[in-house]
Amino acid sequence: GTANAPAASFSPAITTLTDGMVLYFQAAATNTGAATFSPNGLAAKPIVGGAHSPLQGGEIVNGGKVELMYHAGIAAWVLLGCTGGTLQVGTATQSQQAVNLAQTNALVAAGIAAATTPLNQLYFMGQI
C-alpha cells in the first residue's frame, strides 16, 4: 500500500470483514492525512481514530506496529494504536479524561483572557 492507503496480506487470507476483528501489521510509511486500509485485497475502508474521526497525519508511522479493529456499525477500521504514532482523543466531558488540542487551546485562551497577572507568572505559580 501507500502512506494513506496501507494494505496487508495475511495468511490464512482474510476473505470477509467481521465486526470486532482485530488485525496487526507493520506500517511501511507514515500517514499524512485521512487513510484507508485493505486486508488481502478486500475493498478499502476508512481508518478512523478513537474519536471516530478521520486520521489527520502522524497516527501511523513508518515501521510502527499498527493495531486496527473493524467496526461494522461505522464501516471503518478504528485505529487502536500504532507504536510511535499519535492517538486521537475525543472531546473530554469528565474530569479524568484526556483533553484534545482544541480544548487545550480554548482553556489557555480563556485563562489568558481572564488573567490579571502575566501568563508566565500564572504558569510558574501552577495556576494553569
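Contact here means heavy atoms within 4.5 Å.

## Model and conventions

This is a predicted model, in which local features need pLDDT of at least 70, side-chain atom pairs count only at pLDDT 80 or more, and totals for chains, interfaces and linings use all residues. Residues are numbered from 1 along each chain as its sequence is written, and side-chain values use heavy atoms, with hydrogens and water left out.

Tryptophan 77 touches Leu17, Met21, Leu23, Phe37, Pro39, Lys45, Pro46, Ile47, Val48, Leu68, Met69 and Tyr70. That list leaves out residues up to four places away in sequence.

The largest nonpolar core has 19 residues. A nonpolar core is a set of buried Ala, Val, Leu, Ile, Met, Phe, Trp, Tyr and Cys residues joined through side-chain atoms within 4.5 Å. Buried means under 20% relative accessible area, exposed over 50%, and partly exposed in between, with a 1.4 Å probe and protein chains only. Phe37, Ile47, Ile60, Val66, Leu68 and Trp77 touch the most other members. Two or more core residues come from each of β2, β3, β5 and β6 (76–82). In soluble globular proteins, nonpolar side chains tend to be buried together.

## The sheet

Strands are DSSP runs of E, at least two residues, numbered from the N terminus. Two strands pair if DSSP finds at least two bridges between them. Six strands make an open sheet in the order β1-β3-β4-β6-β5-β2, and the pairing is mixed. β1 (7–8) and β2 (22–26) stand at the edges. Each has a single partner strand, so one side of each lacks a neighbour in the sheet.

## Strand β3 and its partners

β3 is mostly covered, with four of its five residues buried. β1 and β3 run parallel and are joined by two bridges. Here alanine 7 has serine 38 in β3 as its bridge partner.

β3 (residues 35–39) also pairs with β4 (residues 45–48), antiparallel, over three bridges. Among them, phenylalanine 37 meets lysine 45, and alanine 35 meets isoleucine 47.

## Glutamate 67

Glutamate 67 lies in β5 (residues 65–71). Its relative accessibility is 24%, so glutamate 67 counts as partly exposed.

Glutamate 67 touches Val22, Leu23, Tyr24, Val78, Leu79, Leu80 and Gly81, not counting residues up to four places away in sequence. Glutamate 67 and leucine 79 are 12 residues apart in sequence. In space they are 6.2 Å apart, C-alpha to C-alpha.
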